[in-house]
Amino acid sequence: MDHADRASAFATHRDAVAAETARFVQVLRGADLAAPVPTCPGWTLADLARHAGSVQRWFAALLRKRIQERPLSREVELRLPEDEDGYADWLADSAAEAASAFANTDPDAPMWAWGADQHAGFWVRRMLFETLVHRADAELALGLTPAIDPALATDGVDEFLVNLPFATPFAPGVAELRGTGETLRFRCTDTGGDWTVRLRPDGFGLEPSPAGADATVRGSAADLLLLAYGRLRLDAPAFEVHGDEDLPARWVAHSKF
């Protein structure tokens, strides 16, 4: 990705973090924050808000420090609210902390990152999809249907697949995604999103989509993003699965992080 493309992506991700957090905050206002979040077992809405805001503040701290190696601690000043009623405002403040860090961030600046892109832009993109998916979690917990911009969702599926091979330190199941050359294709029915993963004896990776694949999963970009994060089941009516049905089932079973 050249400088112009990276700058454009950074602006998109920066603005979307603000917009997604604002939507998240609106979902929280007036809600029972003790309500369970089925897509994050064991969590309440308060836990979800605390996690999302903590991630934003931690990533903002990493960006300010321009870290060059894996941090040994995740400790950061959280300034948590005294009671649950304060979580909506606290999450809004977390987004303001992130925006302040973004204002002084060059997306081309070299940084340590756990994923494929070793630049500051990695953390802004990662923050976006952490926030977006957890906003969807909050809506699902309240019986709402999440609306996700198709272009953002397409970017989110790409971000997930590009970084997944590097996720084994905190998602050990990913190490089980091996094979003998099988190909699994994901295709968006509403955008041009199209990715093919090849499973190899030493792991897996993306490659140009072939004329055919051993298995193909088709769905809208938003639904494929929710599938990637385990928020939708593979057997949901939203998806068409063609070819070897065992291959996508094995992928879903081991690709969560």
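**Pockets and a cavity in a predicted chain**

I will start with the largest pocket: its lining divides into 17 nonpolar, four polar and six charged residues. By class, Ala, Val, Leu, Ile, Met, Phe, Trp, Tyr, Cys and Pro count as nonpolar, Asp, Glu, Lys and Arg as charged, and the others, Gly among them, as polar.

Before going on, the basis. The model is predicted, so local features need pLDDT of at least 70 and side-chain atom pairs count only at pLDDT 80 or more, while totals for chains, interfaces and linings use all residues. Residues are numbered from 1 along each chain as its sequence is written, and side-chain values use heavy atoms, leaving out hydrogens and water.

The search runs on a 1 Å grid over the protein atoms alone: a cavity is a set of points where a 1.4 Å probe fits but cannot get out, and a pocket is an open set with protein on both sides within 12 Å along at least five of seven lines. A lining residue has an atom within 4 Å of a point. Grid points are joined across faces, edges and corners, and the volume is the space filled by probe spheres set on the points.

Back to the largest pocket. About 690 Å³ of space lies in it. Its lining has 27 residues, and H51, R74, E130, F170 and F257 lie nearest the centre. Two elements give two or more residues to that lining: α2 (45-65) and α4 (121-141). Of the elements, α4 gives the most, with five residues. Helices here are DSSP runs of H or I with at least four residues, strands are E runs of at least two, and numbering is from the N terminus.

The second largest pocket has a volume of about 250 Å³. It is lined by 13 residues, with M1, R6, H13, D117 and R125 nearest its centre. At least two lining residues each come from α1 (3-28), α4 and α5 (150-163), and α1 has the largest share, four residues. By class, this lining holds six nonpolar, three polar and four charged residues.

Next, closed space. How many cavities of 30 Å³ or more are there? The count comes to one, and about 80 Å³ of space lies in the largest cavity. Its lining is V157, L161, F186, L224, L227, A228, W251, V252 and S255. The elements giving two or more of these are α5, α6 (221-228) and α7 (246-254), with the largest share, three residues, from α6. Eight of the lining residues are nonpolar, one is polar and none is charged.

Now the chain as a whole. It has seven helices and five strands, in the order α-α-α-α-α-β-β-β-β-α-β-α from the N terminus. Its radius of gyration is 18 Å, close to the 18 Å that the globule rule gives for 257 residues, so the chain is as compact as a globular protein of that length. That radius is taken over C-alpha atoms, and the rule is 2.2 Å times the number of residues to the power 0.38. The C-alpha trace spans about 55 × 40 × 30 Å along its principal axes. Of contacts (heavy atoms within 4.5 Å) with a separation of 6 or more, 66% are between residues 24 or more positions apart.

S94 is buried, at 0% relative accessible area, where buried means under 20% with a 1.4 Å probe and protein chains only. Leaving out residues up to four places away in sequence, S94 touches G53, Q56 and R57.

Conventions
Buried < 20%, exposed > 50% of the residue type's maximum accessible area, 1.4 Å probe, protein only.
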